[in-house]
Amino acid sequence: MQELRDKYISAIAEAEDEAALESVRLAAVGKKGEVSLKMRELGKMTPEERQTVGPALNALKEEVNSAIAARKTALADAALEERLRAEWLDVTLPARRRGQGTLHPVSQVTEEVTAIFADMGFAVAEGPRVDTDWYNFDALNIPSHHPARAEMDTFYMHRAEGDNRPPHVLRTHTSPVQVRTMEKTGAPVRIICPGGVYRADYDQTHTPMFHQVEGLVVDKDISMAHLKWVLEEFVKAFFNVEHAELRFRASHFPFTEPSAEVDLRCSWDKGQLKVGEGDDWMEILGSGMVHPKVLAAGGIDPEAYQGFAFGMGIDRIAMLKYGIPDLRAFFDSDLRWLRHYGFTALDQPTLHGGLAR
Ligand code: DAH
């Protein structure tokens, strides 16, 4: 019995994991284990023998079982120790600097524009980039054969034969969000809509995908004066200048009447843009009073409400503000370019922070 005991106690101590421990348990005290078989032999013994061997076997079984339980706990503790050691992490180590990403100028400028207009009480609205030709054109008073459709270099979505859903386009401007928002919220409206737009065009200042921000205000007694004030406030905040001068040049857009293109007084000094001074004028956006047909398409009564709208190129004003010469580089994903022109993600643009870096 002493031999049996020594054999299993040392086997238990040597078991390296739970599986090994379990096979020791089966070999000793399992149904066909050595200790169990010995217990079955008790029946063949004389009552005297049984009286000494019985309790001794029971004690052995108990000793083996508790040794197994103790070993099991020890193995679990060791496993936990090992995990704690392997998963240990020093949260006070400095963050890794290399491989740090930057905010793309388009994201940065979108944030800046949003911060400025949010301060004037504008909400941000969104619409789909793949839209119906109704929202992109018809609802904006650009009927099928209007020359503006041809001028836009529109990407039309492929339609399978027999597909009778309305034709879809990659939106050519953010203006369709005007109508979508009016439908959704009714008057009054005070929104901007930043987002990607698409046209089949490619050169130093044009890429097939670019970004615009639309503005729309609809209310009672809205006039061009409100438009002018809002745009002046925007330009001053965006370019971080005390003074800015805008020139409203009569123009034509189907969705506004009257329409104006807006130029900003500026000067160029060795390629450096200066806003608010000088003898140059730079076009920065299109705008006007929302056409009554557009209000009606959005479900708003043009007899009761008026509105102004504007549309501005985000990439374009990003190039102007940050002196970026070629639009195409915006979308090349060249890491050197992104590191040079990118913004740190933790520098959130705020009005009180002056917006610039
Ligand atoms: N949607 C026009 C474009 O992409 C820009 C524009 C002009 C938007 C006048 C407007 C606006 O809201 O009133 O060229």
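Author: A polar side-chain atom of Glu214 lies 2.6 Å from an oxygen atom of the ligand, a polar contact being a pair of N or O atoms within 3.5 Å. The model is predicted, so that local features need pLDDT of at least 70 and side-chain atom pairs pLDDT 80 or more, whereas totals for chains, interfaces and linings use all residues. Residues are numbered from 1 along each chain as its sequence is written, and side-chain values use heavy atoms, without hydrogens or water.

Reader: Which residue places a backbone N or O atom 3.3 Å from an oxygen atom of the ligand?

Author: Gln178 uses its side chain instead, with a polar atom 3.1 Å from a ligand oxygen. The backbone N or O atom at 3.3 Å from an oxygen atom of the ligand belongs to Ala309.

Reader: How many residues of the shell around the ligand are nonpolar, polar and charged?

Author: Around the ligand there are 15 residues, and His173, Ser175, Arg199, Gln212 and Glu214 come nearest; a residue is near if one of its heavy atoms lies within 4 Å. Asp, Glu, Lys and Arg count as charged, and Gly is among the polar residues. The shell divides into four nonpolar, nine polar and two charged residues.

Conventions: A polar contact is a pair of N or O atoms within 3.5 Å; within protein, one must be able to donate a hydrogen and the other to accept it, and residues adjacent in sequence count only if both atoms are side-chain atoms.
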